[in-house]
Amino acid sequence: MKKNLFVKTILIAIVLLTAVSCDNETLEGEFVDDICSFRIASETELRADIEGSDFRTEIDPESEFVQNNSAVFVIHENANHLTLSGFNSDELGFFLLNLNNPTAGTTYELLTDDETGLPDNNDNSHEDLENFGYYSFQDRPENPDDFYNPYVTYIPTGGFGVAELTEFNLVEQYASGTFSFTAKRFKRDLFTNEIVLDASGNEIIEELVVNCGNFNRVPFTISDATEGTTGFSTNEFFAKVDEVDFEPISITAQRQFLGDDVVINIRALNDVGDLLRIDIPETLTEGTYDMLSLSDGSQLIGMYNPTMTASENLTSNPGTITITDINIFTGDIEATFSFTGTDPLGIDPAVVQVTEGSFSIDYLPNTNFNNIIIAEVNGEPYFSNYTEVNTSIFNNITRINYHSEDNETNKSISLILPSTITIGTYEISTTLITGEEVLALYSNEQGVSSTLLANSGTLIINEHNEDTGLVEGEFEYTTMDTTVDPPVEYIISSGEFSLFLQ
């Protein structure tokens, strides 16, 4: 994922050598630069300074496995990534760097929510595999219960880093770039694998600093993980560029949050590295819209970058897109588009015609967005990232308990409705009497008070497909927390839901 963020890594550990001197000069941070001048990678080599040790590995151009001295560009249904890995020449340890959606000139923030950097069951869809740096003094064990404690740019331990991809050539299959990171881990007991605490009861965190990282035209192999796979979304993308078919080898789509704005970012990459990109605000509905030539990242824009000839992105001027279908619950979007691509800054004189563009994309492939709730709670956005559907029987009527949680805010919204419900408008009840009532619940941010029952509101069923089990609708309600003084009212508004019952 492209991150336009820059992180400065400063080496603060300086080894003082005893020496006779007439002066007592201040020691400056330029020692890092002095070290880096001795850590320059040769062609096809990856090199770095790891805690003062010269780590270097020659990339094997024939290797297709991440656990070797390798560079592998892996193509997946919904994303792709470049993974560099290798053992030090003196067998000091094993290094790994992962960059999602590699593009020359891109800077990547190395942060992951996975303690080992490598989540399980990640064979074909790599939305969960983030940009990260990794170092380990042991092989990854086959038995998950065995001791395993690598250093990773793991967010909860304070790990961080940055990498820049300066070259990425899909034709000749080589990549160059730089990196530095501080990887951390919880200290663990070798026998019990439990986290070790200090005298104050705090978790002990160990760190490993990687500086001066660089790789020089390392050869990479291409591994297509989509071949022979089934059960994954099948994104489609087509366009003509100056009347020549643009045939992508990689199509990626993701949902990006930019402040209060949500943008669908679609990228298509062909076999020579040319990039077609469309940014679409998620607030757009079906219809035809004009594209802009300049954007702050949150606006509708088309973009083309032919890596072999253009020095700048050629953006839509003019351009249009017609959205024929969009569903924010399922992540499905279909559209046609065309634009004239020019450099908005006037640096590159190139002009391209992008015509006959069309795509059918699932930009939310890894989550079951048939079960989702979005709303506003006292004006703040609520977006469920966990849902649970249960059933119960009351008065011989089957009732659906549709529970959702927004894990980022620790809030939850629940809707309880009879399975016999049909298209129409319903008042939200405050009591359960016959079993046909619609109830709504809310739990506040801290989760301290008990779940609050709606005291008034409305639920609208817009769709109920008995063949597929899909129920979609809207809702709004209010509730009051009387356990605090003064009581706090919660207004749940602009609610929408999509519920899949089968």
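Let's start with a pair of facing residues: Tyr477 sits opposite Ile492, which belongs to strand 33. Keep in mind that you're looking at a predicted model. Here's the rest, topic by topic.

**The sheet around that pair**
- Strand 32 (residues 470-481) and strand 33 (residues 488-500) run antiparallel and are joined by 11 bridges.
- They're part of an open sheet of 6 strands, ordered 24-23-33-32-31-28, with antiparallel pairing.
- On average, neighbouring strands here are turned by 15 degrees against each other, ignoring direction.

**The nonpolar cores**
- The largest nonpolar core holds 32 residues, and Phe179 and Phe215 have the most contacts inside it.
- Several strands give two or more residues to this core, including strand 1 (45-50), strand 9 (160-169), strand 10 (174-186) and strand 11 (205-219).
- Leaving aside residues up to four places away in sequence, Phe215 touches Phe179, and its other contacts include Leu46, Leu84, Leu97 and Leu165.
- There's also a second, separate core of 30 residues, with Ile266, Ala268, Ile278 and Ile321 among them.

**The chain as a whole**
- The protein chain has 1 helix and 33 strands.
- Of its 502 residues, 47% are buried.
- Among contacts with a separation of 6 or more, 57% are between residues 24 or more positions apart.
- The chain's accessible surface is about 25200 Å², and carbon and sulfur atoms account for 48% of that.

Key. Residues are numbered from 1 along each chain as its sequence is written. This is a predicted model: local features need pLDDT of at least 70, side-chain atom pairs count only at pLDDT 80 or more; totals for chains, interfaces and linings use all residues. Side-chain values use heavy atoms; hydrogens and water are left out. A nonpolar core is a set of buried Ala, Val, Leu, Ile, Met, Phe, Trp, Tyr and Cys residues joined through side-chain atoms within 4.5 Å. Buried means under 20% relative accessible area, exposed over 50%, partly exposed in between (1.4 Å probe, protein chains only). Helices (H or I, at least four residues) and strands (E, at least two) are DSSP runs, numbered from the N terminus. Contact means heavy atoms within 4.5 Å. Two strands pair if DSSP finds at least two bridges between them. Axes are lines fitted to C-alpha atoms, for helices over the stretch in contact, and angles run from 0 to 180 degrees between N-to-C directions. Accessible areas come from the Shrake-Rupley method with a 1.4 Å probe; for residues, only the protein chains shown count as cover.
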